[in-house]
Amino acid sequence: MNAKTRLDAQTSGQFEATPGQIAQRLAAGFAETAAERDIRGGTPKAERDALRQSGLLSLIIPAEYGGLGADWSTTLDIVRQFAVVDSSIAHVFGFQHLMLATVRLFSRPEQWQPWFELTARNQWFWGNALNPLDTRTVSRSFAGWREFSGRKSFCSGALDSQMLIASALDGEGGKLLIAAIPTARSGISLAHDWDNMGQRQTDSGSATFERVRVEESELLLDPGPLSTPFACLRPLIAQLIFTHVFLGIAEGAFEEARQYTLKEARPWFRSSAATVAEDPYVLAHYGEFWVGLESTRLLVRRAAQLLDEAWTKGAALDAEERGRLAVAIATAKVAATRNGLDICNRLFEVTGARSTHAALRIDRYWRNLRTQTLHDPVDYKVRELGDWALNQQLPQPTFYS
């Protein structure tokens, strides 16, 4: 049975199942090939197609537009559930919903509503070519349309997508312009050049735009990026997606280490314990791992609940409410980063030398987490939290806070 057939079987009966049950079946299929695909890299085509067939690509889309109508807590929990077994899949799945949130927050109803309906009907994948720090793509204005030309890096999920969120700098005024455009549009080239040590199947390579036509109706101008407290939820959703991925990786690392410790590890010859499960040093490590995971889970759950409340308020959300949500999410992200890296690094102390065998790929948890946590420096999150804790200054909205 090939990967696609196996994943199709995992999702049979999906219309009678809850989103969480569908995700559980998918995750079981992803887990079977995660280590092998980590070696291979590239596009996880069978797994992406399984997500399409599952209906979960429209998870956050309201039911009136054909989606499943889930809240952010449910959607992010599924991101975390996927990250436990395969953080690359979790990344592109999370970005699917970040891109949908982008069009919802930055554009007019007559724009985002049809995009939502078409996404739900056709199970479109949305890819990312926004990256506001990469300013190499420039836009020129023509009568009734614009042209994008240049390159973008870190274009997660762009390969094998149907729609892209892309950005360019206005060649005249330097303003950041964001558009939703079909991936197959003439002039767009996506490179297979993502070959990093971790997150190896996120397709986060580069995109080239060669005189790409962008219609005025495809530009996200009203209310536009970071224009209102509600529109400023976009970077917070991105940060909380990353946080759920970090937590899921740490949970996956913990569980893999636990199984290996119980089934394969041996007590050190100086230990007085009959089994490794009774060794006091091993128990101490697991106790510390548990405290880190439990504290992170509580912070992450609270942040997701606050996001749901803010999302429900819509245009009525004010700047202070948005700022307090930013504090909650930054707090959760710092905890997920530090506790996750600690677990992924120290797990070898409870599994032993044999667990470093290359075929096991247990190091992928650290590689994935280390790669993704460098997206934006956690030091700056701590600085923002320090400014809040000492001076009661809420974080200022940017594309990273």
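How close do the axes of helix 7 and helix 9 come, and at what angle do they cross? The model is predicted: local features need pLDDT of at least 70, side-chain atom pairs count only at pLDDT 80 or more, and totals for chains, interfaces and linings use all residues. Residues are numbered from 1 along each chain as its sequence is written, and side-chain values use heavy atoms, without hydrogens and water.

Select helix 7 (residues 233-263) and helix 9 (residues 319-346). Helices (H or I, at least four residues) and strands (E, at least two) are DSSP runs numbered from the N terminus. The two axes, lines fitted to C-alpha atoms over the stretch in contact, with angles from 0 to 180 degrees between N-to-C directions, come within 9 Å and cross at roughly 25°. Helix 7 is therefore roughly parallel to helix 9 (angles under 35 degrees). Residues in contact (heavy atoms within 4.5 Å) include Leu236 and Phe246 of helix 7 and Leu325 and Ile329 of helix 9.

Next, select Leu51, Phe82, Phe93, Val103, Trp126 and Ile165, the residues with the most contacts inside the largest nonpolar core, which has 90 residues. Such a core is a set of buried Ala, Val, Leu, Ile, Met, Phe, Trp, Tyr and Cys residues joined through side-chain atoms within 4.5 Å; buried means under 20% relative accessible area with a 1.4 Å probe, protein chains only. Leaving aside neighbours within four places in sequence, Val103 is in contact with residues including Trp112, Phe116 and Leu220.

Finally, select strand 7 (residues 207-215), which runs antiparallel to strand 3 (residues 145-152) and is joined to strand 3 by seven bridges. Strands pair if DSSP finds at least two bridges between them. Glu215 is the bridge partner of Trp145.

Terms used: Buried means under 20% relative accessible area, exposed over 50%, partly exposed in between (1.4 Å probe, protein chains only). Angles under 35 degrees count as roughly parallel, over 145 as roughly antiparallel, 65 to 115 as roughly perpendicular and the rest as oblique.
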